[in-house]
Amino acid sequence: MATKHSRISASVAIQAKGLRKSYGEQQVLKGVDFTLEQGSILALLGPNGAGKTTTIRILSTLLKPDEGSASVNGFDVVKKSAQVRASIGLTGQFAAVDDYMTGRENILMIGQLYHLPAEDLPERTRDLLEQFDLVDAADRPARTYSGGMKRRLDLAMSLVASPAILFLDEPTTGLDPRSRLALWHMIKELARGGTTILLTTQYMEEAEYLADNVIVIDHGQVIAEGTVSELKAQAGAERVEVTLKRAKDLHVVRKLAGAEASSDEETLMVTAPARKGAESLYELLGKLNTAKIPLESAALRRPTLDDVFLALTGHATEEEAAKEAKHA
Ligand SMILES: Nc1ncnc2c1ncn2[C@@H]1O[C@H](COP(=O)(O)OP(=O)(O)OP(=O)(O)O)[C@@H](O)[C@H]1O
Ligand SMILES: [Mg+2]
């Protein structure tokens with residue numbers, strides 16, 4: 001479980017305390033604290049530039065913090081960096097696959113880098129190729145792989161040395177929904193086998209599906225943490241959601257729904273906080289009825305992680321922002 005104040009104990013896999021990092025004048029981490037227990041999955045959720053990759057780079061010893069400290073698998077990331085590196089696997093935001101080598105060669109190469117016993121390597125490689133559904137493509141150069149295959153290969157490479165702790169920086173960005181789901185299953189499977197996983201994501205549903213705990217980070221600071229349902233509870237009220245029959249009603253309905261309402265031109269949906277629960281829906285429907293506005297559907301909706309994010313950061317997630325920009 002991610003808590004701010006727990007002490008180091010045998011079951012703590014990662015602890016970050018007051019991590020700070022600046023690039024020139026720009027402070028990109030302003031004191032990041034969290035704890036991650038062995039065998040659990042923690043998602044670092046945040047918009048572009050929030051400091052997710054910087055945090056991962058510090059924890060994986062690729063970057064030194066300016067201030068603060070962190071331990072991974074019980075080892076200090078600065079003073080015991082070699083031991084930390086021996087405990088972790090890392091899949092970066094941009095795949096570390098060598099395009100000119102085959103999938104098999106990529107995995108073998110990592111095994112050699114980790115000095116795994118040469119006699120074990122071929123079998124370990126075969127197992128990983130199988131586990132990540134890459135057997136058919138194993139002897140093709142990786143440059144012929146699709147994005148999803150490359151991601152899977154990248155993940156397989158980070159697992160060669162059977163690390164206790166795995167860092168996944170945006171593991172499914174750019175994947176189609178089916179490949180994403182397949183990768184999610186693989187990640188869950190790893191956690192079930194006891195691997196501790198710290199992942200970053202911009203996708204709410206990814207955090208929701210995978211993470212035992214979520215840390216929301218924005219502008220280099222942890223702004224919320226808890227389980228998905230705890231965060232949703234923080235986002236508070238339910239929302240009313242009406243879908244219109246006619247695009248021309250959008251503007252007036254948005255007005256009737258109040259200052260905090262938002263609308264989507266594509267789906268013709270208007271939503272607003274339902275501070276009084278069902279009563280709020282009833283009120284809005286009364287107004288729409290009086291204005292003789294035909295509806296496709298109306299509902300009361302529980303908050304999603306997207307709502308949480310919006311409530312916490314004051315801005316939508318990148319996906320939402322992109323949608324809104326498209327329709328502006
Ligand atoms: N090597 C660097 N030199 C200068 N600035 C950097 C460097 N690396 C990161 N930054 C800046 O630090 C901030 C945090 O970057 P970081 O990569 O940690 O964000 P992120 O949360 O991973 O974002 P994204 O979702 O886009 O991957 C950004 O403003 C970025 O421009
Ligand atoms: Mg990043």
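Which residues are the closest around ligand 1? I looked this up in the model, which is predicted. I found 12 residues surrounding ligand 1. The closest are Tyr23, Asn48, Lys52, Thr53 and Thr54.

Next I asked which helix gives the most to the shell around ligand 1. I noted helix H1, residues 52–59, with 3 residues. I then sorted the shell by residue type. I got 8 polar residues, 3 nonpolar and 1 charged.

I stepped back to the whole protein. I listed 12 helices and 14 strands. The C-alpha atoms fill a box of roughly 80 × 45 × 40 Å along the principal axes. The protein has 328 residues, and 38% of them count as buried. I also checked contacts between residues at least 6 apart in sequence. Of these, 67% join residues at least 24 apart.

Then I turned to the nonpolar cores. The largest has 47 residues. Ala43, Leu59, Ala207, Val214 and Ile215 touch the most other members. Strand E3, residues 41–45, gives this core its largest share, 5 residues.

What is Val214 in contact with, leaving aside neighbours within four places in sequence? I wrote down Ala43, Leu45, Ala207, Glu225, Gly226, Val228 and Leu231. Two of these names were already on my page: Ala43 and Ala207 are also among the residues that touch the most other core members.

My last entry is on another core, which lies apart from the largest one. I recorded 17 residues there, including Val97, Ile107, Ala142 and Leu155.

How values were computed
Residues are numbered from 1 along each chain as its sequence is written. Chains are lettered from A and ligands numbered from 1 in the order in which they are written. This is a predicted model: local features need pLDDT of at least 70, side-chain atom pairs count only at pLDDT 80 or more; totals for chains, interfaces and linings use all residues. A residue is near a molecule or strand if its C-beta atom, placed from the backbone, lies within 6 Å of it. Helices (H or I, at least four residues) and strands (E, at least two) are DSSP runs, numbered from the N terminus. Ala, Val, Leu, Ile, Met, Phe, Trp, Tyr, Cys and Pro count as nonpolar, Asp, Glu, Lys and Arg as charged, and the others, Gly among them, as polar. A residue is buried if 20 or more other C-beta atoms lie within 10 Å of its own, exposed if 12 or fewer, and partly exposed in between; C-beta atoms are placed from the backbone. Two residues are in contact if their C-beta atoms, placed from the backbone, lie within 7 Å. A nonpolar core is a set of buried Ala, Val, Leu, Ile, Met, Phe, Trp, Tyr and Cys residues joined through C-beta atoms within 7 Å.
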